[in-house]
Amino acid sequence: MANRKKTITLGIAIASAVLAIFVPIIMALPLFVVAALLIAWALQPKSTESFIGRLPYGNYVLRALAKLDSMLSGWS
């Protein structure tokens, strides 16, 4: 019984370590995508809007980017 408990504890520790490594990557990836879309949208607005509009749920993404852009432009 004690050996089984140690094995479970070791498994939880390893899973926690792996999760601690990948969670920042998982959280950073969407933020990086949004940043890249904003940069592309600032450089080439027409072609970026047409590209995003062709994606699934592209209209929702365009509306969200427009809201984000309006919020960010109020800072300057």
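Local features of the predicted model need pLDDT of at least 70 and side-chain atom pairs count only at pLDDT 80 or more, whereas totals for chains, interfaces and linings use all residues. Residues are numbered from 1 along each chain as its sequence is written, and side-chain values use heavy atoms, with hydrogens and water left out.

The protein chain contains three helices and zero strands, where helices (H or I, at least four residues) and strands (E, at least two) are DSSP runs numbered from the N terminus. The order of the elements from the N terminus is α-α-α. The C-alpha trace spans about 65 × 30 × 15 Å along its principal axes. The radius of gyration of the protein chain is 21 Å, while a compact globule of 76 residues would have a value near 11 Å; the radius is taken over C-alpha atoms, and the globule rule is 2.2 Å times the number of residues to the power 0.38.

Of the 76 residues, 8% are buried (buried means under 20% relative accessible area, exposed over 50%, and partly exposed in between, with a 1.4 Å probe and protein chains only). The protein chain exposes about 6600 Å², of which carbon and sulfur atoms supply 74%; accessible areas come from the Shrake-Rupley method with a 1.4 Å probe, and for residues only the protein chains shown count as cover.

Helix H1 (residues 2-43) includes Leu10, which is exposed because its relative accessible area is 52%. Leu10 also belongs to a nonpolar surface patch with Ile14, Val18, Ile21, Phe22, Ile25 and Ile26, and together these residues have about 700 Å² of accessible area.

Thr48 lies in helix H2 (residues 45-54) and counts as buried because its relative accessibility is 9%. Apart from neighbours within four places in sequence, Thr48 is in contact with Leu37, Ala40 and Trp41 (contact means heavy atoms within 4.5 Å).

Ala66 is found in helix H3 (residues 58-73) and counts as partly exposed because its relative accessibility is 37%. Ala66 and Phe32 are 34 residues apart in sequence, and their C-alpha atoms are 17 Å apart in space.

Technical notes. Patch = residues over 30% accessible without salt bridge, like charges linked within 9 Å, V, L, I, M, F, W, Y side chains within 5 Å. Salt bridge = Lys/Arg side-chain N within 4 Å of Asp/Glu carboxyl O.
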